[in-house]
Amino acid sequence: MDDRGGSFVAVRRISQGLDRGNAYHSSSAEFVTGSTAWIGRGLSCVCAQRRESDARLSFDLTPYQEECLQRLQSRIDVPYDSSIPEHQASLRALWNAAFPEEELNGLISEQWKDMGWQGKDPSTDFRGGGYISLENLLFFARNFPKSFQDLLRKQEGDRSVWEYPFAVAGVNITFMLIQMLDLEAVKPRTLVGATFLKFLAENESAFDLLYCITFKLMDNQWLSMHASYMDFN
């Protein structure tokens, strides 16, 4: 990505990952490749090799991996609470990142439907993903603004008339990743979960980065299916 409009492309496999570093830079505004390809490359290989017996395995963690998992679980355990000023500020920041040219009238507003929330109060849509799902959306918007805007405004591909709701899809992706990686368990019970925790120990933004990649892959799959709103579930 670049500072003026960061973007990335995830094509077929996640093997073209995101450059590791504080600013997630790349020389191209079209795609990012580099050292954080370990996130997608590793997980795509693990998923391909996964066997039914993996579900019965138990994987031990190093003390540092256990510490990283506990910090991530602490984030996962926080529900969205519309009465907490920090949560309110994050929601406003998401709006400002999504629609910098439009002033938000309030945290309860019909405007939120333009982002793909189900109603005028986004707090009712966070129940499945919690506060971390808002953090994921905000991370995406701040670190990869061009890709975020492309998905939000459905600017790529031959789109259907009735599209998937962007924000609700984001919350669902957070929930799906938590379940797929079994992140609420004391220690991983699958090879995929164990592999992810190795990545998390290398970069504590691994979950947020994987979220961004997954969102892009979901949209690519949506386009390849020629899907419409009725296919969203």
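Trainee: Why is Cys212 called buried?

Mentor: In this predicted model, Cys212 has a relative accessible area of 0%, and buried means under 20%, exposed over 50% and partly exposed in between, with a 1.4 Å probe and protein chains only, so Cys212 counts as buried. Cys68, with a relative accessible area of 1%, is therefore buried as well.

Trainee: How many disulfides does a search of the whole structure find?

Mentor: The search finds zero disulfides, where a disulfide would be a pair of cysteine sulfur atoms within 2.5 Å.

Trainee: Before we go on, what should I keep in mind about a predicted model?

Mentor: Local features need pLDDT of at least 70 and side-chain atom pairs count only at pLDDT 80 or more, while totals for chains, interfaces and linings use all residues. Residues are numbered from 1 along each chain as its sequence is written, and side-chain values use heavy atoms, with hydrogens and water left out.

Trainee: What makes Phe166 buried, and which residues does Phe166 touch?

Mentor: Its relative accessible area is 2%, so Phe166 is placed in the buried class. Leaving out residues up to four places away in sequence, Phe166 touches Met115, Gly116, Leu137, Phe148, Leu151, Leu152, Lys154 and Phe215, contact being heavy atoms within 4.5 Å. Phe166 and Met115 are 51 residues apart in sequence, yet their C-alpha atoms are 6.3 Å apart in space.

Trainee: What makes the contact between Arg71 and Glu67 a salt bridge?

Mentor: A salt bridge is a side-chain nitrogen of Lys or Arg within 4 Å of a carboxyl oxygen of Asp or Glu, and the N to O distance between the side chains of Arg71 and Glu67 is 2.5 Å, so the pair meets the definition. Both residues lie in helix H2, four residues apart, about one turn of the helix; helices here are DSSP runs (H or I, at least four residues), as strands are (E, at least two), numbered from the N terminus.

Trainee: Which parts of the chain does the pair of Glu204 and Arg71 tie together?

Mentor: The side chains of Glu204 and Arg71 meet in a salt bridge at 2.8 Å, N to O. Glu204 lies in the loop between H7 and H8 and Arg71 in helix H2, so this pair ties together parts that are 133 residues apart in sequence. Glu67, Arg71 and Glu204 are thus named as linked in a network of salt bridges.

Trainee: Why is Glu204 called partly exposed?

Mentor: Its relative accessibility is 39%, so Glu204 counts as partly exposed, and Arg71 is partly exposed too, with a relative accessible area of 31%.
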